[in-house]
Amino acid sequence: MIGLITGTSKNSDFPAAKIKAAYKLIDQTPVLDDKLMQLYQWAAAYYQFPIGQVLQTSLPVQIRKGNAAEEKQSHYWQLTGAGASFETSSLKNAPRQLELLELICRREKMTSADLKKSVGKEVSSILRTLVEKGLIEEVRHQRVTETHNKNLYGEDEPLQLNPEQQIALTAIRQNNDQFNVHLLEGVTGSGKTEIYLQAIADVLALGKQVLVLVPEISLTPQTLRRFERRFNRDIAVFHSGLTDNQRLSAWLRALNGRADIIIGTRSAIFTPLANPGLIIIDEEHDASYKQQDGFRYSGRDLAIYRARQLNIPVVLGTATPSLESLNNALAGRYHYLRLTHRAGEANHPEYRLLDIKGQELSEGFSAALIDIIRSHLERKNQVLIFINRRGFAPLLLCRECGWIATCPRCDSSYTLHRHPPRLSCHHCEAQKPVPASCQECGGTDLAAMGLGTQKTEQTVKDLFPEIPVHRIDKDSTRNRDALHNIIEKVDSGKPCILVGTQMLSKGHHFPNVTLVAVLDADGGLFSADFRGQEQMGQLLTQVSGRAGRGETSGEVVIQTYNSTHPTLQSLVGEGYVPFARKLLEERKLGNLPPFSYMALIRAEASNQNLPIKFLSEIVDDIQSAFTNVVVIGPMPSPMEKRASMFRMQMIVEADKRSWVQLFLNALITKMEEHPDNRKVRWSVDVDPIDFT
Ligand code: ADP
Ligand code: ZN
Ligand code: ZN
């Protein structure tokens, strides 16, 4: 077993006979410094997850397997004294030996592998001959990168900032040697990344490291190349495609200070940093910063904790601030920096609500929308159609008896897919062939109801047969190249139609898209989840931000049955921030986050009665001791049955974080002691964002 020593003690509550000796110490110095250990401990306590598992899930696999936290040493070849003064003409009958000798002389730190690349397979026998002649020797070094001698900048130089950018950068520069939180709000294309890069340059010039967190999907080769082109510095990148060795190497480079810039998704917040100077969180509102299973932490919130702990600044960038961050900025706890213009030539898109009440739709498209799409295509522009549901159609319905194909394991209908044909449950991943007839009445008049990306793709292909149509969703982009190929085609600038899900709202910019069409905005308006409207506003704004980044400005058309809905009106008429401020007022009235603090407790079991009994008994036991905490539930989860498990949930709410924490501590102790503890799968989600 590999263990981690987090402290030592002379005494123990454990029976002495049960304590085993550690028989080997893998690392001679602590791998995690005090501050990082303290971050882990705080996170484990706050998110109510065992510290051992927290460490397990966030240390590199190689470390967990018991490898020492050291980089693999490489062997290099160098000339001996005799080799350096050797008269090379005497080797003219041995051209391969001469070639190797010259390579070793000309270039530093040649490994056998490097030499093999130039000389070929027989390299080891030639090397042996040269060693026998006393001309070369093998040495061991740590591999050292020498980037620090080079210029800071690579092939891209910093841009001349516009006045708004300049104000923002100046604010970040001031007091950049201490803890500060900046909320940098700016639409897509307003030049936030340019500000990050210039703020990073300041910190690198001081010899310090920068940690950059990005959402899962936006860690694209394009993003990375922008950093690489700007800086002649070691960049350690953490993404899901790394091998265990690459991950360890990036982690060690950050740990020992050789990596200057560390870029990664959520979990990179736990990267050890030798010399931290700045943390940047791009798209701070993005839901992927919150882990949704196991150790349910928020990478963004931990970043702010870590910045305070390290006494360094943190920059949160986004076009659509989360209500939490906006509230902090409005209250003056964060510096609020705003970019209101686009950096290049392009203008803001124009919004238009298209009322579809009483109108006939053909597969989700009103006649007016089809005309608008046609006019953009006629002007040789590109069009983006947003629909937030993948697959062909969300329902397969028998027109004779009303039977709907539902997943037997979940409270959910199957989604019909056409490419390839199958029924698929988006909640448990179950798949089955498409039935030819109704399972209730045997009728064969089965209809695909509702809209999915595949159906919409088919519809626009029929409407505009001469225009290429590209679909972007989880199914069409399962391999990395697929997305890349689509983007290349779109980048060529020729007229085309993009149909996609929220994947379209992130990362990629489509400069020649002049129309964004949203087929249905109404789902978000009436969501049961108190964050539904916030998420809708962020999504629509982000999708719209993809349009018109080139010379031509864009247009955003939103189909809705609720064109007079005040929230939608505010979003479209005034923009995201005034809209978000209205939502904040509503949250305040309802005493909802960020004006109160929440935790969600889930319990599930294959036996339907067990979770409710379990949660009720525990709450009844402790509730009276916590008068400052409101407990809502236990009640069935919105999706009561998922993957054959029956699910109950309970929300805990209080005006102070510490009150929630005290309640959870008591609750978890009770749950662990409960006789059904092992029969019920329970979890605790602090500051939840997903209530399904
Ligand atoms: P964001 O991160 O807010 O989406 P970017 O920093 O990516 O914005 O900037 C959008 C585009 O505008 C990029 O092509 C960038 O090179 C360009 N840009 C940014 N700042 C400036 C500037 N001050 N002058 C000219 N072009 C700029
Ligand atoms: Zn039927
Ligand atoms: Zn299912």
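Predicted model: local features only at pLDDT ≥ 70, side-chain atom pairs only at ≥ 80, totals over all residues.
Me: Where do the domain bounds come from?
Reply: They come from an automatic or database domain assignment. That assignment gives domain 1 (16-64), domain 2 (74-141), domain 3 (163-339), domain 4 (350-393 + 450-587) and domain 5 (597-686). The C-alpha centres of domain 2 and domain 3 lie 45 Å apart.

Me: Which residues coordinate the zinc ion (ligand 2), and what makes them donors?
Reply: Donors are N, O and S atoms within 2.8 Å of the metal (3.2 Å for Na, K and Ca), and since water is not among the atoms, sites may look incomplete. The SG atoms of Cys398, Cys401, Cys438 and Cys441 lie at 2.3 to 2.4 Å, so they count as donors. Their spacing in sequence is C-x2-C-x36-C-x2-C. Cysteine 398 lies in strand S12 (residues 395-398) and cysteine 438 in the loop between strand S17 (431-432) and strand S18 (446-449), so the pair ties together parts that are 40 residues apart in sequence. Helices (H or I, at least four residues) and strands (E, at least two) are DSSP runs, numbered from the N terminus.

Me: Why is the site of the zinc ion (ligand 2) called tetrahedral?
Reply: Four donors count as tetrahedral if all angles lie between 85 and 135 degrees; four count as square planar and six as octahedral if opposite donors are over 155 degrees apart and all others between 65 and 115, and anything else is irregular. The angles among the four donor atoms here are 105 to 113 degrees, so the site is tetrahedral.

Me: What makes the site of the zinc ion (ligand 3) tetrahedral?
Reply: The angles among its four donor atoms are 106 to 112 degrees, so the site meets the tetrahedral criterion. The donors are the SG atoms of Cys407, Cys410, Cys425 and Cys428, at 2.2 to 2.4 Å. In sequence they are spaced C-x2-C-x14-C-x2-C. Cysteine 410, in the loop between strand S13 (406-407) and strand S14 (412-413), and cysteine 428, in the loop between strand S16 (421-424) and S17, are 18 residues apart.

Me: Why do cysteine 410 and cysteine 428 count as buried?
Reply: Buried means under 20% relative accessible area, exposed over 50%, and partly exposed in between (1.4 Å probe, protein chains only). Cysteine 410 has 4% relative accessibility, so it counts as buried. Cysteine 428 has 14%, so it too counts as buried.

Me: Why is strand S8 described as largely enclosed by the rest of the structure?
Reply: Six of the six residues of S8 (residues 313-318) are buried, so the description applies. Pro313, Val315 and Gly317 are on one side, and Val314, Leu316 and Thr318 on the other.

Me: What makes strand S3 and strand S8 a pair?
Reply: Two strands pair if DSSP finds at least two bridges between them. Six bridges join S3 (residues 180-186) to S8, so they pair, and they run parallel. Histidine 182 has valine 315 in S8 as its bridge partner. Strand S7 (residues 276-282) also pairs with S8 in the parallel sense, over four bridges, and aspartate 282 stands opposite glycine 317.

Me: How many residues does the largest nonpolar core have, and what makes it a core?
Reply: A nonpolar core is a set of buried Ala, Val, Leu, Ile, Met, Phe, Trp, Tyr and Cys residues joined through side-chain atoms within 4.5 Å. The largest has 75 residues, and Leu32, Trp251, Ile601 and Leu667 have the most contacts inside it. Its largest share, seven residues, comes from helix H1 (residues 34-46). Apart from this core lies another, of 35 residues, including Phe386 and Ile472.

Me: Why is glutamine 661 called buried, and which residues does it touch?
Reply: Its relative accessible area is 13%, so glutamine 661 is buried. Glutamine 661 is found in helix H22 (residues 657-673). Not counting residues up to four places away in sequence, glutamine 661 touches Ala45, Tyr46, Gln48 and Val686, where contact means heavy atoms within 4.5 Å.

Notes:
Residues numbered from 1 in each chain as written. Chains lettered and ligands numbered in written order. Heavy atoms only, no water.
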